[in-house]
Amino acid sequence: MIYLWLLLLHEVSFQLLFMSAAAIGILRKYRLHITKQRVLILKAFMSTERSLDLQYFLHEHAYPFERTTVFRILKLFTKKNIVYRVCAYGSDRYLLLQNGKRKSTASGRSTFVCTRCGKAITVDTITSPTIKIPKGFTRSDLEIIIHGLCPTCKQ
Ligand SMILES: [Zn+2]
């Protein structure tokens with residue numbers, strides 16, 4: 001029993017260690033200074049499928065982050081395309097882009113936003129809709145936001 005517990009503990013710490021290494025790897029790739037806060041924020045994104053926001057880091061995360069620090073890091077990560085920002089019901093939510101399957105493509109990005117809890121997840125866009133742009137305007141990005149209920153809220 002104790003052995004099993006130790007094995008489990010080892011597994012958890014190994015996972016944490018692995019995530020730290022992966023987070024540091026991402027920061028290095030983007031030539032960003034490695035700070036404890038940046039690693040912690042990246043790790044939080046890497047350990048979840050859902051969107052995270054400023055409120056999460058200020059009230060739910062175990063580390064006592066400062067508002068301005070989180071704000072600056074999220075802004076930096078967005079600029080570097082490490083995370084992607086989606087505005088849902090007046091609050092900005094962020095999703096990790098560096099996940100292989102969650103890469104943003106030239107065809108645009110699609111996000112599903114739950115109208116009840118505000119959770120946001122990225123969804124694959126199979127075909128990008130053809131939208132006629134008025135004369136003189138140039139399209140640089142396309143963002144599709146689907147509103148609905150997540151499995152938890154649907155119950
Ligand atoms: Zn929901």
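For the record, strands here are DSSP runs (E, at least two residues), helices are runs of H or I with at least four, and both are numbered from the N terminus. I count two strands as paired if DSSP finds at least two bridges between them.

A note on what I am looking at: this is a predicted model, so local features need pLDDT of at least 70 and side-chain atom pairs count only at pLDDT 80 or more, while totals for chains, interfaces and linings use all residues. Residues are numbered from 1 along each chain as its sequence is written.

I looked up the partners in β5: Thr 111 bridges to Thr 122, and Ser 110 bridges to Val 123. Five residues sit between the strands of this hairpin, and Gly 118 takes a positive phi near 80° there.

My cut-offs, using C-beta atoms placed from the backbone: buried is 20 or more other C-beta atoms within 10 Å of a residue's own, exposed is 12 or fewer, and partly exposed is in between.

Which strand pairs with β4 (residues 109–114) in the parallel sense? I find β6 (residues 143–148), over six bridges. Phe 112 has Ile 146 as its bridge partner in β6, and Cys 114 stands opposite Gly 148.

Entry, whole sheet. The three strands make an open sheet with mixed pairing, in the order β5-β4-β6. β5 and β6 are the edge strands, each pairing on one side only.

Entry, core. I went to the largest nonpolar core, which has 22 residues; Phe 45, Leu 74, Val 83, Val 86, Tyr 94 and Leu 95 touch the most other members. Such a core is a set of buried Ala, Val, Leu, Ile, Met, Phe, Trp, Tyr and Cys residues joined through C-beta atoms within 7 Å. At least two residues each come from α1 (2–29), α2, α4 (67–79), β2 (83–88), β3 (91–96) and β4. Leaving aside neighbours within four places in sequence, I see Leu 74 in contact (C-beta atoms, placed from the backbone, within 7 Å) with Leu 54, Val 83 and Tyr 94.

Entry, loop residue. I looked up Ser 47, in the loop between α2 (36–46) and β1 (52–53). Buried or exposed? Ser 47 counts as exposed because 12 other C-beta atoms lie within 10 Å. Its C-alpha is 8.2 Å from that of Met 19, 28 residues away in sequence.

Entry, overview. I noted five helices and six strands in the protein chain, and 19% of its 155 residues count as buried.

How values were computed:
Two residues are in contact if their C-beta atoms, placed from the backbone, lie within 7 Å.
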